[in-house]
Amino acid sequence: MHKFSQVYDLSRQLLAAKCFKKWSDHYQSALEALFADGGPADGHAEVLDSLRDTLSRQPPSAIKLRNQPAPKPPTGEDLANLVIRYAKLSQDDPTKGLDDRAAFLKMLKHFYFVSRAGNQVVWVADSPSAYSKYTYDLFKGKTERSIADACKQNHEVFGETGRKLFSDALSLARKWSMDAYAKLSTPDENTKKVAKRWFLSENDSDLDLDHFCKITLMGQFKLISSACNDTRIIFADDPIERTNSKRDPYASTHYEGHEKMRVIYISKPYLEFAKQKRDGSMPKLWHAAKTIIHELAHKELGAEDKRYGWKGIKPGMKPGARRGTQETFEVFETLTNADSYGFFAVDLAGAIPAADFREVYR
């Protein structure tokens, strides 16, 4: 499996086969309602917290008796044994492997409903940081002991701080993309200036900037802002990419044809944006929001990574540069460059710190 939609679809198939009915009619029906066609149904999100509680509850031996010291919290082994126990109780045929049911339960333990803003719901599919594959692939064909060992891993990649960051960054990306769309529909001089800065060269003096903003860019930001306002956005860990030492992006996404749900895959460097000052503010929250706009430009517009901001994305030929080399970033590339859309939206909002602007606009 290479994307969360595959995990989601297999989970729906298992539920259709009544995978948990033997253990619990309640969880079977509640999870069927949650795993709706097209994406999770927020009206049934409470089953995730209920199931996490069930999978984290202290075993009966840990109940405090009178005049006895308080029991210790459950160990990783205790928690793993609970997953194994309920996976076994779900089996129709105890002679068959329990890998798929254990994998489903373990995935559910790290799947979260995070926030709601109006009609929009944010979900996060976290993973234990020790995992290099999605649980279905990781547990497939493994022995009970191997699965139990894997279930002992509970330290999550994102954690609560990361989950909050995604929600806050999406709110900011939504505001900036909607503002960009509105400003491009009736562009003032500043909007035209910022549009030219990120998408055209200084020599394009004869271009009709009004038409460029209203027709070209406004249409693009209509799609991006619509995506930012989607009723359902999922932030997910990609354990395969996360453990691939050759790649270390902030985030990634799959184009519309490859993944219909709006899923944004978060990489470790993105979590650096969650660092806070003493007053609780996140000075890199703007960068986190910019990255979401960047990723939605990939998914909604088919934009590519022609050039990242840290390489300098000021449009046009550099003095003395040869055409077609890494030294140039030509105007015809800007409208298919995801970072150009991200930095345009942030700049139009007046949110790029001066030092970051100097690094990028060169």
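Reader: How far apart are the closest N and O atoms in the salt bridge of Lys 164 with Asp 168?

Author: This is a predicted model: local features need pLDDT of at least 70, side-chain atom pairs count only at pLDDT 80 or more, and totals for chains, interfaces and linings use all residues. Residues are numbered from 1 along each chain as its sequence is written, and side-chain values use heavy atoms, leaving out hydrogens and water. A salt bridge needs a side-chain nitrogen of Lys or Arg within 4 Å of a carboxyl oxygen of Asp or Glu. For Lys 164 and Asp 168, the closest N and O atoms are separated by 2.6 Å.

Reader: Which helix holds both Lys 164 and Asp 168?

Author: Helices are DSSP runs (H or I, at least four residues; strands are E, at least two), numbered from the N terminus. Lys 164 and Asp 168 sit four residues apart, about one turn. Both are in helix α8.

Reader: Is Lys 164 buried, partly exposed or exposed?

Author: Buried means under 20% relative accessible area, exposed over 50%, partly exposed in between (1.4 Å probe, protein chains only). Lys 164 has 49% relative accessibility, so the class is partly exposed.

Reader: Which residue forms a salt bridge with Arg 163?

Author: The closest N and O atoms are 3.5 Å apart. Arg 163 is in helix α8, and its partner lies 37 residues away, in the loop between β2 (120–125) and α6 (135–139). Both residues are buried. The partner is Asp 126.

Reader: Which residue pairs with Arg 262 in a salt bridge?

Author: The N to O distance is 2.9 Å. Both side chains belong to buried residues. The partner of Arg 262 is Glu 300.
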